[in-house]
Amino acid sequence: MTTTLAAVRDRITALLPNSGDLADIRRDPRRDLLAGLTVAIVALPLALGFGISSGLGAEAGLATAVVAGALAAVFGGSNLQVSGPTGAMTVVLVPIVGKYGPTGVLTVGLMAGLMLVALAVLRAGKYMRYVPAPVVEGFTLGIACVIGLQQIPNALGVPKPEGDRVLVVTRRAFEEFAAAPNWTAVGLAVAVAAVMLAGARWRPAIPFSIVAVIGATVVAQVAGLDAAKPIGALPAGLPAPSLSFLDLGSFGSLLAPAVAVAALAALESLLSASVADGMTVGRRHDPDRELFGQGLANIAAPLFGGVPATGAIARTAVNVRTGAGSRLAALTHAAALAVIVFAAAPLVSRIPLAALAGVLLATAIRMVEVGSLRAMARATRSDAVVLVLTAAATLALDLVYAVLIGLVAAGALALRAVARQARLDQVPLDRGDHTAEEHRLLAEHIVAYRIDGPLFFAAAHRFLLELTEVADVRVVILRMSRVSTMDATGALVLKDAVEKLNRRGILVLASGIRPEQRQVLDSVGALDLLCHKGREYAATPEAIRAARDHLENAGVLPVQPAASRSEEPARPLEPGRPVRPEVR
């Protein structure tokens, strides 16, 4: 017990900030400060919008951006990552709010944070690399669609209809708008989105989101547009930390939502950190430390009324593009937002909801990388299927199920592709070792097959059908030196094929059995069947000579005088002796 605790303590110590982080901060603090201020300007409307979309209000989004953003910046595994509320997390939180209320969301966030810390201690970050690119692209496309659809009620200026499914809510919102159109809200949302999208193409370095939001707010105030409903009053500062939201009796029912939130936080944060690495030269994040930092951020954010947070791809990209070089930039972003919370809450409260809806609509559109989607769809049919399936599942189900469905589909299609690589080819015998007459006799009674590729559960049954269809032969030789991998199912199917051939009076010999194949073949009892009378053969010519000896002893072939034989007698290997794979 003491040893285990010591190992956990050492592991957590290895995940804590180190002197290298401080050295990075000192390298160019001015550039990091400017980058952090720029990111804060971009993050403000997003934090407000995602807070409102989650159902806990704009103040929850701001609290998350400040608290989670600061802790993830200090303890995270990427120098360039910016964390806070995100659209993907909002998609998961909406049904949780509907079922368990705000206290359920805060409890889920705390539980998810503890799970992320446990994943970091268990070194689970490395498994992110196994998520296929089509799953990530489909996931991102589905999230973009859901984020856009979630903004429809505010963009249309109607109260959010009841319902957990975004497609149902969107349909009802359009029905309410048709009954009482609010063109003011539509105009503000479209104008903000248009300014952001056009500005991003014209001057990408300028934060047009805040420019558009300020412009929409001024227009709404000056023109007295009553239909432009504002955010509403915000608290002047963060609330005191509290655990009063915890409901110990509901922990069991909240476990599944907490797992979903933790899985999404891990996936999106590690994906965002990988994107940041790809935008720089020589930067590599620590995936386990990133999980640790996100875990601490999600433990702390609910204490201040914040929603669960993740690494934010859009804000991280802005951080990199504006020249950030250390985690000081992300920390500055959180500090700047804290100043806004304390000093400018009355001004922020006047921002029209439709303007924030326009910001998120533009964000959703910019999330869709048309070039990447086109390239992925053209790569292979399997990639296109996985992408579309993941995107559709994201839209119709929840995000964690979508990722699982995408992973299962990608895995099944990958196994199918690998299984197709396994081949059973009839190969010509070596004519150089035999006279024409001997070769003719061998061709009548002996056939040699070369097994290429993996022999495992996905390919084994097709192999069985092909092998047992052999006819008009007395000996089958299996050349196994090119079998790349073999599992128990493959070995069992091979054993079944050999037994069926033996019952038909066909002898099966094997050559080139590798040491790693011996173990699995022996475990299922197939090795004895392949090694006739305990003999193993390193190369096919030796197995051929053994086959001829067998046929001569059985009277199938006439016994050739020793003087007329051009080959040496077959020299079987000793059982268990390592076999050098044949090259031919």
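Student: Which residue's backbone oxygen lies 3.5 Å from a polar atom of the side chain of Arg-289?
Tutor: Keep in mind that this is a predicted model. Arg-289 sits in helix H12, which covers residues 287–300. Leaving aside residues up to four places away in sequence, Arg-289 touches several others, including Asn-18, Asp-21, Val-74 and Arg-327. The backbone oxygen found 3.5 Å from a polar atom of its side chain belongs to Phe-75.

Student: How many aromatic pairs does the structure hold, and which residues form one?
Tutor: The structure holds 1 aromatic pair.

Student: Why does Trp-183 count as exposed?
Tutor: Exposed means over 50% relative accessible area. Trp-183 counts as exposed because its relative accessibility is 61%.

Student: Where does Phe-456 lie, and is it buried or exposed?
Tutor: Look between strand E4 (446–455) and helix H21 (457–468): Phe-456 is in the loop there. Its C-alpha atom is 5.9 Å from that of Thr-489, a residue 33 places away along the chain. With a relative accessible area of 9%, Phe-456 is buried.

Student: Which residues make the nonpolar surface patch of about 370 Å²?
Tutor: One of them is Leu-407, a residue of helix H19 (residues 399–421). Leu-407 is partly exposed, with a relative accessible area of 32%. Altogether, the patch is made by Leu-397, Tyr-401, Leu-404 and Leu-407.

Student: Now the whole chain: what percentage of its residues count as buried?
Tutor: The protein chain has 25 helices and 7 strands. It exposes about 26500 Å², with carbon and sulfur atoms supplying 61% of that area. Of its 584 residues, the share that counts as buried is 52%.

Student: Last one! Of the contacts with a separation of 6 or more, what share comes from residues 24 or more positions apart?
Tutor: Here a contact means heavy atoms within 4.5 Å. Among contacts in the protein chain with a separation of 6 or more, residues 24 or more positions apart account for 83%.

Notes: Residues numbered from 1 in each chain as written. Predicted model: local features only at pLDDT ≥ 70, side-chain atom pairs only at ≥ 80, totals over all residues. Heavy atoms only, no water. Helix = DSSP H or I, 4+ residues; strand = E, 2+ residues; numbered from the N terminus. Buried < 20%, exposed > 50% of the residue type's maximum accessible area, 1.4 Å probe, protein only. Patch = residues over 30% accessible without salt bridge, like charges linked within 9 Å, V, L, I, M, F, W, Y side chains within 5 Å. Areas by Shrake-Rupley, 256 points an atom, 1.4 Å probe, with all protein chains shown as cover. Salt bridge = Lys/Arg side-chain N within 4 Å of Asp/Glu carboxyl O. Phe/Tyr/Trp six-rings, centres within 6.5 Å; stacked < 30°, edge-to-face > 60°. Polar contact = N/O pair within 3.5 Å; in protein donor to acceptor, adjacent residues only side chain to side chain.
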